[in-house]
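Q: Please take me through this model, one topic at a time.

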Amino acid sequence: DFTSVVAQAPGASQETLLLGGISIDGASGSENRFVIDGVDTTHPQDGLSGQDLVTDFIEEVQVKSAGYQAEYGGSVGGVINAVTRSGTNRYSGSVMADFQQRSWGGSMRPILADSLTSSTFEYINPEKDDETRIDPGFALGGPILRDRLWFFGSYQPGIRDTQRTVTF
């Protein structure tokens, strides 16, 4: 999501536990405003980003703190403004894919309980779900009428396959 790059800006940090999200100049996460292509997408209940947008489809992310223009008013914290990519006078495109499988993440560390005996407690370590995640996608842009009208389209679905192990 495009909000993952916001913490790289000066005065911004990811403060999930203390301030409930992205903190800009010390304000809590719910005091920010999220704008995508001029449209306010701030979630009204918690003040977080109400719209996920894949980072590959973003042209730029602007983080505005104190002293921003009146058009971005309405927030005590900062303004996170995302501008999406658009077409140009050249045809361009990209193909992308992300693949993730739980088994590639390594195994868990062994639990050491040398001061306890098996009669003291019963520790159940259930098997983790086997999950496979595939995120294929593409983007294509170019001119319709040179120097006047352009197009840009993109698509990246999230395909998840989770197999649960149930033991009684």
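**Salt bridges, sheet and core**

Q: What is the relative accessible area of Arg 160?
A: Arg 160 has a relative accessible area of 45%, so the residue is partly exposed. The term covers values between buried (under 20%) and exposed (over 50%), with a 1.4 Å probe and protein chains only.

Q: And what sort of model is this?
A: This is a predicted model, in which local features need pLDDT of at least 70 and side-chain atom pairs count only at pLDDT 80 or more, while totals for chains, interfaces and linings use all residues. Residues are numbered from 1 along each chain as its sequence is written, and side-chain values use heavy atoms, with hydrogens and water left out.

Q: Back to Arg 160: which residue forms a salt bridge with it?
A: Asp 135 does, with the closest N and O atoms 2.9 Å apart. A salt bridge here is a side-chain nitrogen of Lys or Arg within 4 Å of a carboxyl oxygen of Asp or Glu. The pair links distant parts of the chain, as Asp 135 is in strand β8 and Arg 160 in strand β10 (residues 159-163), 25 residues apart. Strands (E, at least two residues) and helices (H or I, at least four) are DSSP runs, numbered from the N terminus.

Q: Is Asp 135 buried or exposed?
A: Asp 135 has 9% relative accessibility and therefore counts as buried, whereas Arg 133 is partly exposed at 28%.

Q: What does Asp 135 contact beyond its sequence neighbours?
A: Leaving aside residues within four places in sequence, its contacts (heavy atoms within 4.5 Å) include Met 96, Asp 98, Gln 156 and Ile 159.

Q: How many salt bridges are there in total?
A: The count is three. One of them pairs Arg 33 with Asp 40, with the closest N and O atoms 3.2 Å apart. Arg 33 is buried, at 17% relative accessible area, and Asp 40 is partly exposed, at 40%.

Q: New topic: what is the overall make-up of the chain?
A: The chain has one helix and ten strands, which run β-α-β-β-β-β-β-β-β-β-β from the N terminus on. Of its 168 residues, 24% are buried.

Q: Which strands form the open sheet?
A: Its order is β4-β3-β6-β5, and the pairing is mixed. Strands count as paired if DSSP finds at least two bridges between them. The edges are β4 (39-40) and β5 (58-64); each has a single partner strand, so one side of each is left without a neighbour in the sheet.

Q: How does β3 pair with β4 and with β6?
A: Strand β3 (residues 33-36) runs antiparallel to β4, with two bridges joining them; Ile 36 has Val 39 as its bridge partner in β4. With β6, β3 pairs in the parallel sense over four bridges, and Arg 33 stands opposite Val 79. In the hairpin of β3 and β4, two residues lie between the strands, and Asp 37 takes a positive phi near 50 degrees.

Q: Which way do the β3 residues point?
A: Arg 33 and Val 35 point one way, Phe 34 and Ile 36 the other, and all are buried.

Q: How many residues are in the largest nonpolar core?
A: That core has eleven residues, among them Phe 2, Phe 34, Ile 36 and Ile 80. Such a core is a set of buried Ala, Val, Leu, Ile, Met, Phe, Trp, Tyr and Cys residues joined through side-chain atoms within 4.5 Å.

Q: Last topic: how many aromatic pairs does a search of the whole structure find?
A: The search finds one. It is the tilted pair of Tyr 91 and Phe 151, 6.4 Å centre to centre with 55 degrees between the planes. Rings of Phe, Tyr and Trp (its six-membered ring) pair if their centres lie within 6.5 Å; planes under 30 degrees apart count as stacked, over 60 as edge-to-face and the rest as tilted.

Q: Are these two residues buried or exposed?
A: Tyr 91 counts as exposed, at 58% relative accessibility, and Phe 151 as partly exposed, at 29%.
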